[in-house]
Amino acid sequence: MSQVLRIVRRLVGAAPWAMARGAALSVVVLVMGAALLGLSGWFITATGIAGLAGVGIAFDVFRPSAGVRFLALGRTAARYGERLLTHDAILRALAALRVAILRRQAGLDAWALARLRGEAVLTRMISDVDALDGLVLRVLLPSAAALLTHSVVFAVLVWLAGLPVALAIAGLYLPAAVLVLWALARRTQGPSDAAEQGAQHLRRGLIDMIRDREALILTGRLDVRERDLMGLDAAVRAETTGLDRIERSAGALLSVIATLAATGAFLAGGWMLAEGRVDPATAVIGLFVALALAETILPLRRGFADLGRISGAARRVGPAIADLSIVERPPLNNAPVLRITRPDLSLTLAPGEALALTGPSGAGKSTLLLAIAGLLPADGITIGGRPPDAWSEASFRTRVALLPQRSALIAGTIRENLCLAGGFSDAEFWASLEAAQLAGTIRARGGLDERLGEGGHGLSGGQARRLALARCLLRRPDLLVLDEPTEGLDDATAAALLGSIRRYLPRAAILVALHRGADHPVFDRICRLDGLR
Amino acid sequence: MSSQRQRARQRIILPVSGDLKAAGRLAVLAGLLWPVQAAAIAWAVSGWVEGEVEPAHTLGAALAFLLAGLVRAILDHRAGALLFRAADATIARERAAMIRREARATAGIGSAAVASLVVQKLPLLQPWITRYHVAMMRVSVLPLVLLALSFSLSWVVGLTLLVAGPLIPVFMALVGMAAEEASRRQMDEIGSMNDMLMDRLSALTDIRLLGASERATVDFAVRAEALRVRTMAVLRIAFLSSTVLELFSAIGVALVAVFVGFTLLGEIGFGSWGSPLTLGEGLFLLLIAPEFFQPLRDLSAAWHDRAAGYAVVADLDALDAAERASMVGSGEEAEPLAGAFSLRTEAAVAALPGREVTLPDIVLGPGDALAIIGPSGAGKTTVLAAIAGLVPLAAGRISVCGSALGSGTADGWRRRIAFVPQRVHFADMPLGDWLDPRGTGADPWAALRLADAEGIVDRLPEGLATRLGETGGGVSGGEARRLMLARAVMEGGDLILADEPTADLDTETATRIIAALDRVRGEGRAILVATHDPALAAVMDRQVAMSA
């Protein structure tokens with residue numbers, strides 16, 4: 001529940017004025033609707049009485065008929081404004097929410113980032129954010145507007161048509177509608193969340209089945225997987241069938257409530273008439289107003305039936321938008337670029353030095369490099385005199401660049417991929433490609449504006465890696481950390497690559513984890529990591 | 001265009017038209033109850049004015065009003081059940097067809113696109129099915145009935161409705177067309193924004209390391225803002241169409257109210273047939289006027305649902321028409337093919353979508369090791385795929401264990417081979433389950449040891465329970481290959497097909513893979529590798545060259 005409130009605060013907070021204007025207009029629309037029907041009913045009955053009594057000439061027809069026209073047109077205009085304002089406000093709020101989520105995801109640690117499975121996260125995020133728009137647009141705003149409208153109408157009816165009529169309407173509408181909607185939200189809570197989760201499982205299962213197609217065929221499990229997915233679909237549809245039944249019953253009850261309230265208002269009016277406390281024209285006002293008020297409760301059914309899905313989404317999205325705060329501190333200039341003091345390893349690295357880090361697979365080289373880059377907890381590591389997590393993210397990234405073991409490219413041109421490192425001139429792009437021993441390949445393929453497919457499709461594994469390396473080099477960091485930059489290259493190219501990296505960044509401290517080629521002349525020292533085992 | 005819509009209706013609507021018609025009849029019946037309720041009120045109030053204020057009079061009318069209201073709610077409830085059933089059956093049918101087809105004969109449009117069609121877009125058919133046809137049936141009956149009732153009491157009221165009513169579809173068509181085009185553009189925009197977001201998410205580690213998180217986020221925010229502006233442009237039009245409808249109905253109802261009022265006062269002396277309009281008739285007219293417009297407004301709302309439905313069917317049609325890569329056999333569990341192990345290809349030609357690849361003639365017996373060598377693009381991967389029955393043949397034949405590889409033998413043949421693809425893909429499941437695809441429950445450590453992958457699993461934070469990233473996030477390229485080899489060993493069988501097992505690896509890592517393959521061969525299994533790595537080719541018994 002606290003997550004739901006937090007989301008509400010954020011959604012409303014993103015555009016409070018647009019939200020408030022939209023809510024105010026919602027009330028205007030509903031009140032004008034009730035006034036229109038009430039006035040029309042009173043007008044016709046009153047003219048009927050005047051006509052029968054033969055006093056038609058004396059009856060003031062112009063003010064009521066002008067009122068009818070004003071209410072009819074005004075209500076239409078208010079409705080248009082209300083729809084535009086509330087949708088605009090909610091779109092602003094949802095954009096803000098998406099950005100907050102993306103920002104939060106970018107702050108996860110290395111393990112969590114590696115486990116990010118694109119589709120699963122994306123579709124979850126999209127459908128959650130989609131679900132959340134219903135929270136304000138279909139639950140909060142209309143409920144608040146309905147309550148306000150009923151209060152206004154009650155006050156006016158007490159004054160115009162008498163307390164019994166006002167009580168009959170408020171007493172029949174409000175408690176019954178609240179009860180039905182509460183029960184609806186309660187009964188759909190579980191199934192609605194379950195249906196949504198099931199749909200997401202189905203989506204992930206389908207993606208996996210198609211991607212894993214060859215392996216499934218080879219192991220003869222295709223039909224098994226298909227049956228699993230069919231079973232999942234059947235389960236999801238069973239939930240939605242149950243949801244539909246509950247929701248339809250609630251809809252029928254709400255429509256019966258509206259009929260009951262109209263009947264109650266009619267009987268109350270008739271009773272007051274029989275008591276001689278009002279004239280027939282006043283006695284019908286309640287009935288007509290009650291008929292108009294049906295539109296305050298009927299549209300609520302959809303939103304309340306969705307509350308389960310919405311609160312599930314809020315539960316998942318809520319923690320994803322908590323703010324990260326990192327305190328910026330002034331740089332320390334005299335400390336070594338990198339100092340590591342750990343039981344298994346102790347080293348310092350000054351500007352212009354290059355160090356090769358060797359050791360068997362599994363000794364923890366990649367983990368160490370991720371820690372240096374601030375993606376994993378970094379005990380005993382200081383960069384420029386302080387631990388990685390004491391830096392602000394922005395200034396840390398300008399000083400330290402890491403080429404991880406597995407790099408990802410984005411769909412788009414070579415240039416767009418390089419631009420992730422920041423804005424640079426074409427000459428600088430080519431210089432970095434040159435240093436990454438990739439300029440020839442890119443030139444032959446059509447230059448910087450050559451398009452790559454999703455995930456860098458179109459380059460070989462080694463080429464994609466060197467493009468990622470060029471991207472790192474562009475940042476001209478104080479500390480360049482490379483994880484196996486020569487993997488997959490022949491010895492001559494590997495040696496040339498190490499040399500050209502050094503020439504490109506003569507003043508940087510360079511730390512390279514690698515299996516072979518540690519005897520290359522660029523390295524001032526070799527350090528061996530044997531692991532703690 | 002119209003023939004496409006015709007087909008869309010045949011595909012989606014025709015199979016459920018029985019339910020839709022029944023629901024439509026119930027909805028029309030429910031709509032016809034409103035004049036009954038209106039008449040009860042009008043009768044009671046006109047009695048009040050004439051002095052009949054005793055409770056029995058009022059109570060009788062109230063009871064009639066209440067009963068009709070209850071019946072109306074029940075009819076609507078029942079109609080809703082029929083409509084839901086129709087929509088559910090349609091979605092279930094289309095979904096099942098796609099689940100059964102998309103992996104067997106893949107269309108190459110991307111798994112995410114198929115999943116989004118199945119999970120997200122198919123439910124968009126529901127509003128079309130549940131709303132449009134019922135709205136259509138109500139429109140074709142209710143306004144006519146209410147119009148006839150109005151005419152029978154006052155030709156002026158009838159005429160007012162007659163003029164205001166038909167204008168609604170005209171405006172609806174004009175505004176609706178613009179809205180349809182705009183909403184299609186918006187759907188495309190959302191799709192490409194989702195693609196962009198997915199791409200950024202999978203490159204998030206790199207984005208973060210490049211210090212580009214903030215830039216990527218801002219870039220995304222700018223695009224989201226642009227999307228909001230475009231969406232609002234669409235909504236302005238879409239809301240305008242419903243506002244125009246509301247405006248017409250509001251003006252129509254206001255005109256009726258004012259006309260009836262003036263007539264009752266005696267200030268207007270025309271418009272009714274002979275005798276002047278009574279109060280009861282006037283109230284009745286006022287009450288039914290809004291309901292004359294309601295079906296028209298419902299239909300216009302459903303108009304957008306129909307457009308969305310057509311868009312989904314167009315996607316379904318496009319997927320049906322897509323060129324598909326098929327396979328041999330069914331991909332289902334089968335008994336291992338009987339007979340001594342042997343493999344022979346004779347003048348076989350593999351049929352890829354839009355391309356044919358001629359296979360070299362290969363003969364392979366138990367324990368043989370063969371390398372297919374050749375430059376990239378020569379079709380080495382296709383040769384392995386054809387031998388595994390993943391690609392059908394256009395000509396020639398492949399004999400396996402003495403019989404021809406065909407739909408009857410492919411599944412059994414696949415039980416006797418294991419395949420190590422070049423592309424790294426880990427399914428979203430714990431590593432232990434992934435290593436044991438046939439679910440034998442056997443101990444994976446022997447296979448891991450054989451493939452030199454024991455240490456890799458030891459080092460993972462949760463060991464065999466680890467879920468690796470889709471492309472092996474968490475392990476290096478060489479480690480992923482060794483895990484894949486361990487999986488092939490776990491599967492058992494007489495032949496391991498390995499596609500470029502040392503591609504993109506440095507010499508040391510490649511040497512470990514080659515050594516592992518050699519150990520596997522030492523266990524008596526035949527090996528067929530496709531490679532351009534001379535070191536790997538050298539340890540095989542024979543080499544077959546392919547040219548580009």
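In chain A, five strands form an open sheet in the order β5-β8-β9-β3-β10, and the pairing is parallel. This is a predicted model: local features need pLDDT of at least 70, side-chain atom pairs count only at pLDDT 80 or more, and totals for chains, interfaces and linings use all residues. Residues are numbered from 1 along each chain as its sequence is written, while chains are lettered from A and ligands numbered from 1 in the order in which they are written.

**The sheet**

Strands of a sheet pair through backbone hydrogen bonds, either parallel or antiparallel. Here, two strands pair if DSSP finds at least two bridges between them. Strands are DSSP runs (E, at least two residues) and helices are too (H or I, at least four), numbered from the N terminus. The edge strands are β5 (400-403) and β10 (525-528) of chain A, and each pairs on one side only. From one strand to the next, the twist averages 15°.

**Strand β9**

Which strands pair with β9(A), and over how many bridges? The table shows two partners.

| Partner of β9(A) | Residues | Bridges | Sense |
|---|---|---|---|
| β3 (chain A) | 354-358 | four | parallel |
| β8 (chain A) | 479-483 | five | parallel |

Strand β9 of chain A covers residues 509-513 and is mostly covered: five of its five residues are buried. A residue is buried if 20 or more other C-beta atoms lie within 10 Å of its own; C-beta atoms are placed from the backbone. A:Ala509, A:Leu511 and A:Ala513 point one way from β9(A). A:Ile510 and A:Val512 point the other way.

**Domains of chain A**

The domain assignment, automatic or from a database, gives domain 1 (2-321) and domain 2 (338-528). Taken over C-alpha atoms, their centres are 54 Å apart.

**A helix pair between chains**

Two packed helices are described by the angle between their axes and the distance between the axes. Helix α3 (residues 62-105) of chain A packs against helix α8 (residues 213-265) of chain B at an angle of about 165°, with axes 8 Å apart. Axes are lines fitted to C-alpha atoms over the stretch in contact, and angles run from 0 to 180 degrees between N-to-C directions. α3(A) and α8(B) are therefore roughly antiparallel (angles over 145 degrees).

How values were computed:
Buried ≥ 20, exposed ≤ 12 C-beta atoms within 10 Å, placed from the backbone. Parallel < 35°, antiparallel > 145°, perpendicular 65-115°, else oblique.
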